[in-house]
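Here's a quick briefing for anyone meeting this structure for the first time. Have a look at it, then read on.

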Amino acid sequence: MIFTNVLSVCLLLDEVLHSWAGLSSQTASSSQGWRTPVDCVRANELCIAEPNCISRYRTLRQCLVGRDRNTMLTNKECQAALEVLQESPLYDCRCKRGMKKELLCLQIYWSIHLGLTEGEEFYEASPYEPLTTRLSDIFRLASIFSGMEPTSSKSNQCLNAAKACNLNDNCKKLRSGYISLCNKGPTNSEPCNRRKCHKALRQFFDRVSHEYTYRLLFCSCKDQACAERRRQTIVPACSYEDKEKPNCLDLRSMCRTDQLCRARLADYHTNCQVSFLSVTTCPLDNYRACLSSYSGLIGFDISPNYVDSSTSSITVSPWCTCKGSGNMEEECERFLRDFTENSCLRNAIQAFGNGTDVTIIPKTSLPLATISAKTEKSSVSTDDVNDGSSVYDNITTCASVQENGSKLNKSKDQNQNLCYLETQLSTDIMPDLRNHVDEKSFSIRHCSSRLLPVILLFPLKLAL
Amino acid sequence: NRMKRARARHKPCELKELEVSVSDLGLGYESDETILFRYCSGTCDTSLRNYDLSLKNMRSKKKIKKEKMRARPCCRPLLYDDDISFLDVYNHYYTIKELSAKTCGCV
């Protein structure tokens, strides 16, 4: 009795927190049924095997052709088909980026979801599975495979990234692949083939390990030569720049006619949308997911790139403008700002360049001495650090801390200590906020593990 | 030590690799990018063919006089590695073909 009460309170809390944190629809829907989403190709196969499912699926697809949601639902047969499909794995299936048959998977996804959204939405839910791994996992990979050198002030990180890629056969091959297709050559005699260049770029970002591609794309720079090299990564002369700058909303409409481009854009909007509920301003504080969706846009007409080779400020944008938007100017500016003035994306790029994962936001950065003094006293008990699995244990490189603390003794252990202190600090500052944001932290498992001793004590008290 | 050196000199033909900067290649490109240069090195003593022996004998018997020729097999690339691209200091991209060896053999 008491147990069920406590459990229901837990469930309720869980739900409230989910809605409170403004979680994207995908995480909410996956927690509703407690089932992990299958990929849509597999879900389609499962549906084909079931006569009831496949006939309803066909009906629904017929219903959706050329009709919006409301007119479709006036038809009883269509409504019944939708109700049946909502119970099937097809309804909340997802795709994986770079998977085999990715296009087929997305076709199946959009065949259901396109007609069910309310008209032309500004943001669409991502058809891709949420990424749960963190940036720190990439740092760890990088340090294992390529002996990622700590960032010394002299070295050019972007040049180091090129070296790391050249020394890896797969990265070298696919990098040369897109460069040779995208490169116009110094004489400009032969124009580049943009379509082939884009395809090769997509292959590079889909098939090469992120530890190499992210290092090339998001290296941090202290001088212009480095920043120019970073800007040149995607061979912008062919893949990015064009004779004219189209209107951003036209570019978006064009992207949405292509199922792959539409999926990547929706994924970007899902993972890099500025959220003021998280410390990092990224959804669920997941930098990795944002960087992954950003790089997923490269090789489409909407490819973003660094607008200049400035070292102080990072500004990225697709090749488009809001001139000639007419009465849509506001919507256009809003669309463009998600690239040019996106604090989540900027923080994620900087965090990767510095070799840190979840860091303190610049506003609250304090002199290092006070940080270490403060955190030494307030040792965070392990119980308070939410289930400790992904974010906090994995930080292996903490280059920014090394840089900041260059006057201090540079022993490895100390750096490691500082790293942990930094991450602990971020949990210290806003412990409440963090708990709300990290969906795992308030899972039922966690909830019951805390309350279980209480529940067990109750009958004991009653017996006494 | 001398034995070691001697043995090193008589290693059979094989693929070796070296990390070099593009500028070091001496091809006229100016770039600080580091690449992996794979090359063939070693001796081919064990793969002397009847061709080589006969050619040697013809020459010593003065049947072949002025022509240039080689009566020993040579450790050379059998296949070349994929193209390699890099960005130079003037921010131009270049792609070089057949720069690096992929497999070696005595030919």
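A polar contact here is a pair of N or O atoms within 3.5 Å; within protein, one must be able to donate a hydrogen and the other to accept it, and residues adjacent in sequence count only if both atoms are side-chain atoms. By that rule, twelve residue pairs (both at pLDDT 80 or more) are in polar contact between chain B and chain A. This is a predicted model, where local features need pLDDT of at least 70, side-chain atom pairs count only at pLDDT 80 or more, and totals for chains, interfaces and linings use all residues. Residues are numbered from 1 along each chain as its sequence is written, and side-chain values use heavy atoms, leaving out hydrogens and water.

**Where the chains meet**
- On the side of chain B that touches chain A, you'll find seven nonpolar, six polar and seven charged residues (Ala, Val, Leu, Ile, Met, Phe, Trp, Tyr, Cys and Pro count as nonpolar, Asp, Glu, Lys and Arg as charged, and the others, Gly among them, as polar).
- The rule also finds five salt bridges across the interface of chain B and chain A, each a side-chain nitrogen of Lys or Arg within 4 Å of a carboxyl oxygen of Asp or Glu.
- Asp169(A) pairs up with Arg38(B) in a salt bridge, with the closest N and O atoms 3.4 Å apart.

**Chain B itself**
- Chain B has two helices and six strands, taken from DSSP runs (helices H or I, at least four residues; strands E, at least two).
- In sequence order, chain B runs α-β-β-α-β-β-β-β.
- The C-alpha trace of chain B spans about 60 × 40 × 20 Å along its principal axes.

Technical notes. Chains lettered and ligands numbered in written order.
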